[in-house]
Amino acid sequence: MTQMRLTLRLDANGTPLLGHGKIRLLEQIGETGSISAAARAMGMSYRRAWLLVEAMNTTFARPLVSARPGGGGGAGLSAEGEAVLRLYREIEQAAREAVQGPLETLAGMCSSTP
């Protein structure tokens, strides 16, 4: 049977806001404590990761990623960033549950090698 996967992208005012990539980047920053380490873990350049973080920080009312104080460098998720991450995952889970039946039906309609 064909394996189906739902991916979710949220737009705000017609502009991409959050999707799988940005959410995974936030998770990696939370896990590694560093934008550069998160970028390496995802196989992307530091510049690309920084641009995504900058875009998220300016799009939301409060920054999602903040520099760690103390001169040691690094970055972490702000309380707002943790909340956005949690809310996205909640929306994603609710969407998965809502479309489970139709996705299974659609998967059954696909050839084994789409």
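Biologist: Is Arg 9 buried or exposed?

Modeller: Exposed, because its relative accessibility is 54%. Keep in mind that this is a predicted model.

Biologist: What does Arg 9 form a salt bridge with?

Modeller: Asp 11. The closest N and O atoms of that pair are 2.8 Å apart. Asp 11 is partly exposed, with a relative accessible area of 41%.

Biologist: How many salt bridges does the structure hold?

Modeller: Seven. One of them joins Arg 24 to Glu 27, with the closest N and O atoms 2.9 Å apart.

Biologist: Where do Arg 24 and Glu 27 lie?

Modeller: Both are in helix 1, which covers residues 20-32. They are three residues apart, about one turn of the helix.

Biologist: And is Glu 27 buried or exposed?

Modeller: Buried, because its relative accessibility is 18% and the cut-off for buried is under 20%. Arg 24 counts as partly exposed, at 27%.

Biologist: What does Glu 27 touch, leaving out residues up to four places away in sequence?

Modeller: Leu 85 and Arg 89.

Biologist: Next pair. Which side chain does Glu 80 meet in a salt bridge?

Modeller: That of Arg 62, at 3.5 Å from N to O. Glu 80 lies in helix 4 (residues 79-109), and Arg 62 is in the loop between helix 3 (46-59) and strand 3 (65-67), so the pair ties together parts that are 18 residues apart in sequence.

Biologist: Is Glu 80 buried, exposed or partly exposed?

Modeller: Partly exposed, at 23% relative accessibility.

Biologist: Which residues do salt bridges with shared partners join into one network?

Modeller: Arg 24, Glu 27, Arg 89, Glu 92 and Arg 96. So Glu 27 counts as buried at 18%, and Glu 27 also belongs to that network.

Biologist: Change of topic. Which residues make the nonpolar surface patch?

Modeller: Met 4, Leu 106 and Met 109. The patch is about 300 Å².

Biologist: Where is Met 4 placed?

Modeller: In the segment before strand 1 (10-12). Met 4 has a relative accessible area of 33%, so it counts as partly exposed.

Biologist: Last stop, helix 2. Which of its residues are buried?

Modeller: Ile 35, Ala 37, Ala 38 and Ala 39. Helix 2 runs over residues 35-42.

Biologist: What covers those buried residues?

Modeller: The cover includes helix 1, helix 3, strand 3 and strand 4 (75-77).

Notes. Residues are numbered from 1 along each chain as its sequence is written. This is a predicted model: local features need pLDDT of at least 70, side-chain atom pairs count only at pLDDT 80 or more; totals for chains, interfaces and linings use all residues. Side-chain values use heavy atoms; hydrogens and water are left out. A salt bridge is a side-chain nitrogen of Lys or Arg within 4 Å of a carboxyl oxygen of Asp or Glu. Buried means under 20% relative accessible area, exposed over 50%, partly exposed in between (1.4 Å probe, protein chains only). Helices (H or I, at least four residues) and strands (E, at least two) are DSSP runs, numbered from the N terminus. Contact means heavy atoms within 4.5 Å. Patches are made of residues with over 30% relative accessible area and no salt bridge: like charges are joined within 9 Å, nonpolar side chains (Val, Leu, Ile, Met, Phe, Trp, Tyr) within 5 Å. Accessible areas come from the Shrake-Rupley method with a 1.4 Å probe; for residues, only the protein chains shown count as cover.
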